[in-house]
Amino acid sequence: MFDKYLIVDDSLRATADGFAFDARLGYYRGLGLSMVEDLVVTIDDEPVAREAIRFDETGGGAPLTLDEMETNYDRQWNFGAVATISVIASEPLAPGAHSLTLSEKLRVSYLPFPAMNSDAKTLEVAA
Amino acid sequence: MPSTIKRGVSLYSFQEELFLRQMTVEDAIAFAASIGATGIEVLPEQNMPSFPNVSDAEVAWWKDTVAKHGCELSCYDMFLDTKIRKDRPMTDEEQVASIRRDLELCHRLGIRSMRILVFVRPEILEKCVPYAEALDVHMGVEVHAPWHLEHAWILRTIDTADRLGTKHLGILPDMGIFMKHYPPVFRARFERQGARPEVAQFIVDSHEAKIMAEYTIYEVAVKMGGNKAEVAMAETLRHAPYANPKRLAEYAPYFRHIQAKFYEMTPEATDPSISYDEVIPVLAAAEWNGYLSSEYEGNRWIQDVEPVDSREQVRRQHTMFERLIGATTTAS
């Protein structure tokens, strides 16, 4: 329902050990972090290892691995709220244009199957 | 005299603008008031970021804000995370505790109608009835397509309410069950995704003829060699029922609130898909006078090609409601 808005425009940036971008939850309400089953990221058509992904909806300072999210029953990704997804790699992402995809697999209790939401954007990393 | 059916709006209708922070909740309430709607339906898990720990000050803000605009809170849409844990489903006791938490917040907000998700089991709701009665909140199981008023699953809730003799358990119809014509916005999006016009027309014609979905899906998927968009369009027929609006009269004692689902309104303020012109006279004749609460769900069908204007869509639906309600006559 909100696929095209998952990856926040102009939010891709290099970090000391990889890159980060901002994202929204593709759902019409907020959801507890334990129900975010997976966040699948690709950069320039290369898949990112699940273990390399960190998630933080707090505005900084409390990143979680995807495994840690699975048993977090206190925090939630609110409706329309922008969270930061970081990827730990061997070096900072190079400046220039990069193709980025994000898929969110959500465990929505009333659906018979997991909800899958996906977005793909080409974003520029500033030099 | 004309019916006293009330007009309301669910905040669900503005999900596009609320999600993108292009509108605030108060903008939505003020808009609803501006078109003469008086009931505001809320989704606490969408509209109250502090949920479930909503403070007394926040509760007061909601009550004061709707009152300031001459409105009231009409309905509380609950959710139930039975799959909150990956390793096991919620126990029955945990489910009852979660619903009780919602009933209490609903009561604090001064709301007397709660939308219960259709998948909640009747035996769970039975255990919640004493709390709903004590707090004077009506629990209405959402009758949402592809379920319909006389689906066996829905009848289990009716049977439970009858057996308990309670006025606090019933149903809450979503008007998506009265899809008389296939929505043009559905068709247009599937065509943009690659459905051939002649295959799309076949699907629309099949829906118009009320052919059971599985026949059409097989025709499209196998005999016509349907592509991904065509098969997906055919599969929407599984969730596109046209139930008999006359049945609303019989079930009127079991519902206090209606979710007035719609996907698109024409500039002439008509709904090309859902048969409100048949529904509203039945409700009037039954002397039903709860809220018709707008639930615009068209954003997801058009956002790939045009800006979404939820306010204009809701405004047009209310123009239609005024026209149809004004034309009714009640028995007494």
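In chain A of this predicted model, Phe113(A) sits in the loop that runs between strand β10 (96–106) and strand β11 (115–125). Is Phe113(A) buried or exposed? Because a residue with 12 or fewer other C-beta atoms within 10 Å counts as exposed, and Phe113(A) has 7 of them, Phe113(A) is exposed. Although Phe113(A) and Val40(A) are 73 residues apart along the chain, their C-alpha atoms are separated by 17 Å.

Chain A also touches chain B, and this contact draws on 18 residues from chain A and 23 residues from chain B. Sorted by class, the side belonging to chain A that touches chain B consists of eight nonpolar, six polar and four charged residues.

Turning to chain B as a whole, its secondary structure amounts to 15 helices and eight strands, and its C-alpha trace spans about 55 × 45 × 45 Å along the principal axes. Why can the radius of gyration of chain B be said to agree with that of a compact globule? A compact globule with 332 residues would have a radius of gyration near 20 Å, and chain B has 20 Å, so the two agree. Of the 332 residues in chain B, 46% are buried, and of the contacts in chain B with a separation of 6 or more, 81% are between residues 24 or more positions apart.

| Helix pair | Angle | Distance between axes |
|---|---|---|
| α5(B) (residues 92–108) and α6(B) (residues 122–135) | about 25° | 10 Å |
| α13(B) (residues 276–285) and α15(B) (residues 310–326) | about 45° | 9 Å |

Because angles under 35 degrees count as roughly parallel, α5(B) and α6(B) are roughly parallel to each other, and their crossing is right-handed. On the side of α5(B), the contact is made by Asp92(B), Gln95(B), Val96(B), Ile99(B), Arg100(B), Leu103(B), Glu104(B) and His107(B), while α6(B) contributes Ile124(B), Lys127(B), Cys128(B), Tyr131(B), Ala132(B) and Leu135(B). By class, the contact between these helices has eight nonpolar, two polar and four charged residues.

Helix α5 of chain B also holds Leu105(B), and since this residue has 20 C-beta neighbours inside 10 Å, Leu105(B) counts as buried. Which residues does Leu105(B) touch, if those up to four places away in sequence are not counted? They are Pro44(B) and Val54(B). The C-alpha atoms of Leu105(B) and Ile124(B), which are 19 residues apart along the chain, are separated by 19 Å, and Ile124(B) is one of the residues of α6(B) that take part in the contact with α5(B).

By class, the contact of α13(B) with α15(B) has five nonpolar residues, no polar residues and one charged residue.

Terms used
Residues numbered from 1 in each chain as written. Chains lettered and ligands numbered in written order. Predicted model: local features only at pLDDT ≥ 70, side-chain atom pairs only at ≥ 80, totals over all residues. Contact = placed C-beta atoms within 7 Å. Nonpolar A, V, L, I, M, F, W, Y, C, P; charged D, E, K, R; others polar. Helix = DSSP H or I, 4+ residues; strand = E, 2+ residues; numbered from the N terminus. Rg over C-alpha atoms; globule rule 2.2 N^0.38 Å. Axes fitted to C-alpha atoms, helices over the stretch in contact; angles between N-to-C directions. Parallel < 35°, antiparallel > 145°, perpendicular 65-115°, else oblique. Left-handed = near helix turned anticlockwise from the far one by under 90°.
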